[in-house]
Amino acid sequence: MHEERLDSHSVHCPYCSMPFDLPLDLSQGSHQTWEDCPFCCAPIQVRIDVSPMDGELESLMLGRDDEVL
């Protein structure tokens, strides 16, 4: 993980709807990962789409563990 590429985004848990800041490592390019909600501890799917041209965030999707992203 490269500290200079960490971007924080405000999101809401798809389970409990609580807002929290999610740090994203855009240096990895487009990828999927899992994060636990800091409030209800539920597993959240995170899909990060990064532009191959400029390395900027194109889209960010969060879903429950039984959803297909």
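Tutor: Strands are DSSP runs (E, at least two residues), numbered from the N terminus. This is a predicted model: local features need pLDDT of at least 70, side-chain atom pairs count only at pLDDT 80 or more, and totals for chains, interfaces and linings use all residues. Residues are numbered from 1 along each chain as its sequence is written, and side-chain values use heavy atoms, with hydrogens and water left out.

Student: OK. What stands opposite Ile48?
Tutor: Leu60 in strand 5.

Student: How many bridges join strand 4 to strand 5?
Tutor: Six, between antiparallel strands. Strand 4 covers residues 43-50.

Student: And which strands form the open sheet?
Tutor: Three of them, in the order 3-4-5, with antiparallel pairing. Strand 3 and strand 5 (57-63) are the edges, each pairing on one side only.

Student: Switching to strand 1. How many bridges join it to strand 2?
Tutor: Seven, and the two run antiparallel. Strand 1 is residues 6-12. Ser10 stands opposite Asp21 in strand 2.

Student: What's between those strands in the hairpin?
Tutor: Six residues. Ser17 takes a positive phi there, near 70 degrees.

Student: Now the largest pocket. Which residues lie nearest its centre?
Tutor: Pro23, Leu24, Asp25, Thr33 and Glu35, out of eleven lining residues. A pocket is an open set of points on a 1 Å grid over the protein atoms alone, where a 1.4 Å probe fits, with protein on both sides within 12 Å along at least five of seven lines; lining residues have an atom within 4 Å of a point.

Student: Which strand gives the largest share of that lining?
Tutor: Strand 2, with four residues.

Methods:
Two strands pair if DSSP finds at least two bridges between them.
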